[in-house]
Amino acid sequence: MLKYITRIDPKTRKEWIETHLTGKQLMQMPLLNKGTAFTEEERHELKLLGKLPHRVETLDEQVKRVKNQYRAYVSSLQKYIYLNNLHDKNEVLFYKLLYEDLAETLPLIYTPGVSNAVKEFSHEFRSPRGLYIAYPDRANMDEILDNRTHAEIDLMVVTDGERILGIGDQGIGGMDIPIAKLVVYSLCGINPYNALPIMLDVGTDNQELLNNPLYLGWRHPRIRGKEYDDFVHQFVELVKKKFPRSMLHWEDFGQQNARKILETYRSDHCTFNDDMQGTGVVTLAALLAAIQATNTPIQSQRVVVFGAGTAGVGIADQLHNAMQRQGMSSDAAFRQFWLIDKDGLLKEGMPLAFFQKPYARSKDEAWTDKTDLLAVVKAIKPTILIGCSTVRNAFNEAVVREMASHVAQPIIFPLSNPNERSEADAADLLTWSDGKALIATGSPYDPVVLNGKKYDITQCNNALSFPGIGIGAIATRAKEVTDNMLWAAANAISEKSPVRQDPTKALLPAITEIAQLAPHVALAVAKQAIADGVARNTPKLDLDEFIQENIWRPYYRPIKWVKQ
Ligand code: NAI
């Protein structure tokens, strides 16, 4: 398996790569290939003479060319395909291109662009990346994991494709999400040599996919119950055996499975669920900044969450935890929440999922016969309204005006993605609240001008949280991701909130700043992992320097040939 290895000079900290590969074989390895940037010395040593045009280029010169090439494509799907082909040919060049212009490239390769790619996966498939573990191949799971390209794995992003973004069950197409998440991780500093996207293909309940003759996944309804749990268990046990010091990032699982998996394995292996914890952390960071701007303590916030699924309850959990940190009891903190799902306000006696139950309101609350959103807003006068329902326009004019009539600065976060599923558009929220609402959205919105004043719209994107959490946890080889580490991450993000300097600015740093933000978040997470006693790797260096040492950046390392 080991075809190359990165070495570091302990004194100069300079890196180089050793490999026994030469010629075409070497150029076919995306993490080794430099194309026209192989130096003359490397061309001699690695049997590349004559295989490349004469001139040796710099990485920057190569970036100019590929930028022109991908910009020549018109549709975002075509651009996505071009970028992914580059990813499969030359990873350093791919990351450098993205890194240079995140504002342009991130929406193509990550959200919102990736959602089209997911839907078109079986039609646009070109070459595989990562590992596919289909349920019928479960007897060979050990062998599949050994077929990975790189020996050392620090991070796996795993999905079963059941609940992709706001677009539901996408079966095998869900694999594009772990790939995209790992691209974001590597843009922020995770070494792509040590990262692996994995698809647990347990079938799909999406009839359109099952009927599609080109569908590439296991053509079978999703397995559930014990069969599913045993399959996941088999996978986790193998991960623990093969990569005991790795982090498992669970991505886009269905509501019930997501919770169950996190709770089952959380203290067993370093495990992180982005839809619950990453979302909870980034939203809490935005809320902490907003709450400070309103000058109302967190304990006095009355919170309505519309859409009590994975993200909605994940956010409520982080906020509930934050309230307890201000001295509230757990029970008193739960009483500050009103969660609404498709059958109305969550109340005792309703059939609720186990993770929704702690938020159920008492049956005795007098006003709770009518439990639609407007009735709840009228009755409880919330200070915070969060949407994770995918119900377009649920935060309508009546709801927003009602909320704004009771609260000086209502905090309103319509977080559902993509924009077509958002509970409200930013411009409407500002208009209906006379510019008073503090807003964060799931998908990006352009700044809004109202009565001659420009408002930056905060994008509450998990890309601000998960890379820093991952880098901090992996650098310290954390045994688990503790609640304290998540709290530290939320505070670290919130510290960098532009609104803390200027009240007209956004509640969170821009998504284009993820690469600068991640080491700052990682530092806070690593510090907390050490304080919580879960770090297995406590650095001798200054912690800041240690994090910097763990940050991968796209540049060409010298390549040296070694005998196999
Ligand atoms: P989910 O499927 O677990 O939860 C959605 C919930 O909304 C379900 O419980 C569903 O029953 C409920 N719902 C459906 N119709 C409703 C109605 N008419 N009234 C009230 N509730 C209703 O999905 P998940 O993972 O929680 O994601 C929800 C949305 O949040 C998606 O659009 C997703 O893209 C977005 N999201 C945004 C994030 C961010 O901005 N950082 C992060 C994670 C998710």
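This is a predicted model: local features need pLDDT of at least 70, side-chain atom pairs count only at pLDDT 80 or more; totals for chains, interfaces and linings use all residues.
Before I turn to the helices, let me define the terms: helices (H or I, at least four residues) and strands (E, at least two) are DSSP runs, numbered from the N terminus, while axes are lines fitted to C-alpha atoms, for helices over the stretch in contact, with angles running from 0 to 180 degrees between N-to-C directions. Residues are numbered from 1 along each chain as its sequence is written, and side-chain values use heavy atoms, with hydrogens and water left out.

Let me begin with a helix pair. Helix 14, residues 274–294, packs against helix 21, residues 483–495, at an angle of about 45 degrees, and their axes are 8 Å apart. The two helices are therefore oblique to each other, because angles under 35 degrees count as roughly parallel, over 145 as roughly antiparallel, 65 to 115 as roughly perpendicular and the rest as oblique. Their crossing is right-handed, meaning that the near helix is turned clockwise from the far one by less than a right angle.

Most residues other than glycine have a negative phi, and most peptide bonds are trans. With that in mind, a cis peptide bond joins Thr-111 and Pro-112, with omega about 0 degrees, and Pro-112 sits in the loop between helix 6 (102–109) and helix 7 (114–119).

Now to the ligand. Of the 24 residues around the ligand, those that come nearest are Arg-163, Ala-311, Asp-341, Cys-460 and Asn-462, where a residue is near if one of its heavy atoms lies within 4 Å. As for polar contacts, which are pairs of N or O atoms within 3.5 Å, a polar side-chain atom of Asp-341 lies 2.6 Å from an oxygen atom of the ligand, and a backbone N or O atom of Ala-311 lies 2.8 Å from a ligand oxygen atom.

How values were computed
A polar contact is a pair of N or O atoms within 3.5 Å; within protein, one must be able to donate a hydrogen and the other to accept it, and residues adjacent in sequence count only if both atoms are side-chain atoms.
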